[in-house]
Amino acid sequence: MQSKSLDIENIDICLNKAINVVEEYIKNISNEPVIPNIKREELYDIISSQMPLDGIGVENVIDDVKKNIVPYCTKIGNPKFLSWIITSPSPAGTIGEILNIGLNQVPFCFKSGPAATVIEETVISWFADMFGYNDKSGGILVSGGSTGTLTALSVAREAHLPGSMKKGLQGANKPLVVYTSSVSHKSIDTAVSVLGIGSNFIRKIPVDSNFKMDINKLKKQVEEDRKLGYDPFCVVAQAGTSNEGAVDNIDGIADFCNEQNIWLHIDAAYAGGAILTERGKKLMKGIEKADSISTDPHKWFFIPVEVGCVLIKDREHLYNTYRVSDKEYDADDPIEYMNYGIQFTRMSRAFKIWFAFRAYGINKLSEIIDQNLDLSQEFTDLIDKSDKWELLCPTQTSAVCFRYVPNSECSDRQLNEVQSNIVKELELSGKAFLSQAVVNGKVAIRACFSNHRTSYEDLDFVFNTLSEIAETTSYHLINNKGA
Ligand SMILES: *Cc1c(COP(=O)(O)O)cnc(C)c1O
C-alpha cells in the first residue's frame, strides 16, 4: 500500500514562488501606503473562511497571499514608518530567517541542534561583548524585551531568595520591592506580577526634566522601605524609555545598587543598539556593572521579529534558576539551553542574527545607528527652529516627541486634540506613519528614527507633510485664535 506524507512534488517551484513574493514585497517596501487603509470587517470578508477540509495546493495559496494578504500588510520597512519601535528588518536578517525556518533546528540541547546551539552561544557572547560583560556571563535568546525582563527578574528573585523557584514566595518573611522610573515600560509591571511579587510592590520613582530616574528619590525610597520592613531587591533602569528614548543615569544607579546589594536590571529593549555608537556608549556608561540586561535584536539591531536577548552577568544565577539537570553549576560544563530558560521546544533565534551580523559587519550597523542618531538630531533642530512646533522632551536617542502649537492661546485640551488629528490624518494619507505618545500628560507626536532606510530626504518629506496636515487640520484654531 502507498504510505502517505505531506511532501509536495513541485517543492522547487513552490519555494521559488514563495521567495518571489518576499522579493517583490521588499522591492516595493518604499511605496505608499505605509499603513493599508482597510476596515477589519472588509478583511473578514477577504480572509476568513471555513476550516478547509480539502486543500487547494500550495501554489494556489501563494497566489491568494499575493492577491489578498500582501496589500493588507503594514510596511514596517518603509523608510517613512517611524512609529513605535518596531524597526525595519534588514534584508540579510530576513534571508537568514528564511534559511533558519528551512533548517528548523530546536536548540534546547546540543543533540537537537548542534550548530544552532553553538551559534546561539556565539551570538550571546557577541552581545555580552558589546555591553562589556566577560565570559562569566551568559544569556539566552527569547521572544522579546518582555520575556527578557521576565527572565532576568526571575533570576534576580532566585539569586536574592535561593530556592524561590521551588518554594515560591510563600516562605519570604518580608515583601519584596522593585524600583523603576515613572516612565518605564509596562512589561516590568507584567514581569513583577507574573513572578508573584505583585505590581503594587513596584515603586515608580519620579524622573527629572530629562526623564531620567531621580537617584536621590530612589535612595530615599529604598531607605524608607527598609525602615518599614520591606525587602528592596531589584532596580530596573531604562536604557531608552519607549516614549522619550531617555536613558537613566546607569552608572550612578549601579553604584548605589552595588552598595545596597540590590540587583540591577537594565531594560535596553529599545535603545540597546545605540551601544554600537560612541554617543550611545557615553549615554549608557556603567552598563557593564548591571547584574542583567535585556535588549531587543528585533528593534534597533534590524533583525526580523521575534528575538530578544537577555544577558546575566553571572551565568551561574541563570543556570540555578532554570536548570533541569541535577548537576550543580560548573562553568566548564557545555551549555544546554534547556537549563537556561523557560522554553523547551524553541526555534533558533540566533541564526538570523548570526547571519545578518556576519553579512553586514558590526561596523556597518554602527554607521546606520549613528545615522539614525543624526537624523533624530536633525529632526529635533527642525522642530526647535520652527515657531509652530515645540519639543516635549529632549532628544537623547532616536525618539523625538513634539507637538504642533497653532497659536499661543490654545488650551492643552485643544492641543491634545490637534496632535491626535494630525497623527490620524497622516496615517490615512498613507504617506508616513508616526505614533502618538503622552509625555508629561501632554499628547505628543512621536517620530522614532530607528529605521535603516530613512534618509534625509524622507525626513524633509515627513516634516513638510506634517506641516501641511497640521495647517489644514487646525486652520480653524489658527483663524479663530483658539475660539
Ligand atoms: C519594546 C519595549 C519593551 C518590550 O519588548 P518586546 O520585545 O515588545 O516584548 C520593553 N521595554 C522597552 C523600553 C521597550 O521599548
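This note covers the fold of the protein chain and the surroundings of its ligand.

1. The model is predicted: local features need pLDDT of at least 70, side-chain atom pairs count only at pLDDT 80 or more, and totals for chains, interfaces and linings use all residues. Residues are numbered from 1 along each chain as its sequence is written, and side-chain values use heavy atoms, with hydrogens and water left out.

2. The protein chain has 17 helices and 11 strands, taken as DSSP runs (helices H or I, at least four residues; strands E, at least two) and numbered from the N terminus. Its C-alpha trace spans about 80 × 70 × 45 Å along the principal axes.

3. Of the 483 residues of the protein chain, 48% count as buried, meaning under 20% relative accessible area (1.4 Å probe, protein chains only). Among contacts (heavy atoms within 4.5 Å) between residues at least 6 apart in sequence, 73% join residues at least 24 apart.

4. Around the ligand there are 15 residues, of which Gly 145, Ser 146, Asp 267, Asp 296 and Lys 299 come nearest; a residue is near if one of its heavy atoms lies within 4 Å. The shell divides into 3 nonpolar, 9 polar and 3 charged residues, with Asp, Glu, Lys and Arg as charged, Ala, Val, Leu, Ile, Met, Phe, Trp, Tyr, Cys and Pro as nonpolar, and the others, Gly among them, as polar.

5. A backbone N or O atom of Gly 145 lies 2.8 Å from a ligand oxygen atom. From the side chains, a polar atom of His 298 lies 2.9 Å from an oxygen atom of the ligand, and an N or O atom of Ser 242 is 3.5 Å from one. Polar contacts are pairs of N or O atoms within 3.5 Å.

Terms used:
A polar contact is a pair of N or O atoms within 3.5 Å; within protein, one must be able to donate a hydrogen and the other to accept it, and residues adjacent in sequence count only if both atoms are side-chain atoms. Buried means under 20% relative accessible area, exposed over 50%, partly exposed in between (1.4 Å probe, protein chains only).
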